[in-house]
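Here is a two-chain model to read through by question and answer. Please look at the sequence and the fold before going on.

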Amino acid sequence: MDFNDQQIERYSRHIILSEVGFEGQLKLLNSKVLVIGTGGLGAPAAMFLAAAGVGTIGLVDGDIVDLSNLQRQIIHQTKDVGKLKVLSGKETIHEINSDVKVFTYNTFVNSKNIIQIIRDQDYDFVIDGTDNFAAKFLINDACVIEKKPFSHAGIIRFNGQLTTYIPDNNTPCYRCMFKEPPPEGAVPTCSQAGVLGVMGGVIGTLQATEAIKYILGIGESLAGYLLTYDALTMNFRKIKIKHNAKCGICGEDPAIKNLIDYNNPTCDL
Amino acid sequence: MKIMVNGEGKQLEKEVNILDLLAILHVKMPEMVSVELNGEIVDRDDFSKTMIQENDEIEFLYFMGGGSIGF
């Protein structure tokens, strides 16, 4: 593929990086990233991937845009309230960069559909931008089974965390760190929770960074580490995590043979 | 005795198990915490029988969802 003049100009700040160049930019344009959840984390991740010229982006979300989303889900705007999130996300991506092909999946992931969605465009990398434990464990287990690299992240209040899973590399998965969802009743109630709007921006952008580095094959990923960020103290910590031989999905004798649909506690807020 | 918890030095008066440590350090929602001891994840069922020793390095890893429905 040849770059046209507009593409050379659009991606010029990438192209002049010796670690990217024309070759790297071409890798990005030929790459496919699946973003599950177009909320606080998925919104900035998808937008930066689009701006970077990731050629194919999949968006998965079964929700519609709500006014209370706009405090952090920057891919959606006031005019989009009431619209399907995947549609609103697709429109924003095309406004940012019409080079990007967008595939939308207007559904929440579950044990019946997730493998099919991951395989749909043979995505190179998956970004977990979901907001609940059921989806996080499901995405983890599906990516381990499908040998698909992915970025896990979570945010709450003024805190965020992320890690990267790279298959066949003895890297720990999310379940190596967190065996199973917390018991029902243990999760904080809505009034105790909430999230500072920028948290998704910080952590979701780091997820996009991990995806881009993986596609380019540069630098060191967060495989084997959990990065934590505390916005109140501005402490970033990189905690080394080993593969857990007793892990239920990627351990030596995995107990989990089929994907699990966990129940999520609900909240009306 | 001195231990490290999430990168910060802490003093303990005596040897305690992980459940005690979570209580001593006033961890609000221990069910939401995964514990790494000297680089190894400790199974939750082993918290009560795993004793913390001098110079141990402990990481509390917190469950984090997405914030939009509160967890």
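**Two chains, two folds**

Chain B holds one helix and five strands, where helices (H or I, at least four residues) and strands (E, at least two) are DSSP runs numbered from the N terminus. This is a predicted model, in which local features need pLDDT of at least 70, side-chain atom pairs count only at pLDDT 80 or more, and totals for chains, interfaces and linings use all residues. Residues are numbered from 1 along each chain as its sequence is written, while chains are lettered from A and ligands numbered from 1 in the order in which they are written.

Q: Which pattern does chain B follow along the sequence?
A: Chain B has one helix and five strands. Its C-alpha trace spans about 40 × 25 × 20 Å along the principal axes. Read along the sequence, the pattern is β-β-α-β-β-β.

Q: In the hairpin of β1(B) and β2(B), which residue takes a positive phi?
A: Strands β1 (residues 2-5) and β2 (residues 8-11) of chain B pair in the antiparallel sense over four bridges; pairing requires that DSSP finds at least two bridges between two strands. B:K2 has B:Q11 as its bridge partner in β2(B). Two residues lie between the strands, and the one with a positive phi, near 45°, is B:N6.

Q: In β5(B), what is the bridge partner of B:M4?
A: β1(B) also pairs with strand β5 (residues 57-62) of chain B, in the parallel sense, over two bridges. There, the partner of B:M4 is B:E57.

Q: What is the strand order of the open sheet in chain A?
A: Chain A has nine helices and eight strands. The open sheet has eight strands with mixed pairing, in the order β3-β2-β1-β4-β5-β6-β7-β8. β3 (101-105) and β8 (235-240) of chain A each have a single partner strand, so one side of each is left without a neighbour in the sheet. From one strand to the next, the twist averages 15°.

Q: In β2(A), what is the bridge partner of A:V35?
A: Strand β1 (residues 32-36) of chain A runs parallel to strand β2 (residues 56-60) of chain A, and five bridges join them. In β2(A), A:V35 is partnered by A:L59.

Q: What angle does α4(A) make with β1(A)?
A: Helix α4 (residues 42-52) of chain A packs on the sheet. It touches β1, β2 and β4 (125-128) of chain A, with contact meaning that C-beta atoms, placed from the backbone, lie within 7 Å. Axes are lines fitted to C-alpha atoms, for helices over the stretch in contact, and angles run from 0 to 180 degrees between N-to-C directions. The direction of α4(A) makes an angle with that of β1(A) of about 165°.

Q: Which residues in the largest nonpolar core touch the most other members?
A: A nonpolar core is a set of buried Ala, Val, Leu, Ile, Met, Phe, Trp, Tyr and Cys residues joined through C-beta atoms within 7 Å. The largest has 72 residues. Those touching the most other members are A:V33, A:A46, A:L49, A:I57 and A:V126.

Q: Which residues does the second, separate core include?
A: This core has seven residues. Among them are B:L22, B:V35, B:L37 and B:I52.

Q: What percentage of the residues of chain A count as buried?
A: The C-alpha atoms of chain A fill a box of roughly 55 × 45 × 40 Å, taken along the principal axes. Of its 269 residues, the buried share is 46%.

Note on methods: Two residues are in contact if their C-beta atoms, placed from the backbone, lie within 7 Å. A residue is buried if 20 or more other C-beta atoms lie within 10 Å of its own, exposed if 12 or fewer, and partly exposed in between; C-beta atoms are placed from the backbone.
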